Amino acid sequence: QVRLVESGGGLVQAGGSLRLSCAASGITFSINAMGWYRQAPGKQRELVATITSGGGTNYADSVKGRFTISRDNAKNTMYLQMNSLKPEDTAIYYCNADVQGVSYFPPRPYWGQGTQVTVSS
């Protein structure tokens, strides 16, 4: 079955950098759009950035200029380079993928289990 696994989270000081990865397995046909979302304690899950299969990107205003989303379609892996981190970036970061399988249509959304990012001031 399809599985998304995030890695790369951790504790970093304000101004520092982290790089998150999301590896997808069990893909039988293709991955359409992918994205990173985050959820801070007591808050709703929010969009961080998305990327299409062709590389088109979209960012939340709060991360523009600091975060960069990318993907390697050959490896079914997505990345989030996070620079100039702020304490308000502290959250659990989840990856999402819109997956098309050989046995079903339309594509189905899948989520990873999340990775904790903590930015200290």
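A nonpolar core is a set of buried Ala, Val, Leu, Ile, Met, Phe, Trp, Tyr and Cys residues joined through side-chain atoms within 4.5 Å, where buried means under 20% relative accessible area, exposed means over 50% and partly exposed lies in between, with a 1.4 Å probe and protein chains only. The model is a predicted one, in which local features need pLDDT of at least 70 and side-chain atom pairs count only at pLDDT 80 or more, while totals for chains, interfaces and linings use all residues. Residues are numbered from 1 along each chain as its sequence is written, and side-chain values use heavy atoms, with hydrogens and water left out.

The largest nonpolar core holds 31 residues, and those with the most contacts inside it are Trp 36, Leu 80, Met 82 and Tyr 93. Among the elements that give two or more residues to this core are strand S3 (18–25), strand S4 (30–39) and strand S9 (91–100), and S9 gives the most, with five residues. Strands are DSSP runs of E with at least two residues, and helices are runs of H or I with at least four, numbered from the N terminus. Leaving aside residues up to four places away in sequence, Leu 80 touches Trp 36, Val 48, Phe 67 and Tyr 93, among others, a contact being heavy atoms within 4.5 Å.

Rings of Phe, Tyr and Trp (its six-membered ring) pair if their centres lie within 6.5 Å, and planes under 30 degrees apart count as stacked, over 60 as edge-to-face and the rest as tilted. By this rule there is one aromatic pair. The rings of Tyr 37 and Trp 111 have their centres 5.0 Å apart and their planes at 65 degrees, so the pair is edge-to-face. This pair links distant parts of the chain, with Tyr 37 in strand S4 and Trp 111 in strand S10 (residues 108–111), 74 residues apart. Tyr 37 is partly exposed, with a relative accessible area of 21%, and Trp 111 is also partly exposed, at 39%.

Seen as a whole, the protein has zero helices and eleven strands. The radius of gyration, taken over C-alpha atoms, is compared with a globule rule of 2.2 Å times the number of residues to the power 0.38. For this protein the radius is 14 Å, close to the 14 Å that the rule gives for 121 residues, so the protein is as compact as a globular protein of that length. Of the 121 residues, 40% count as buried.
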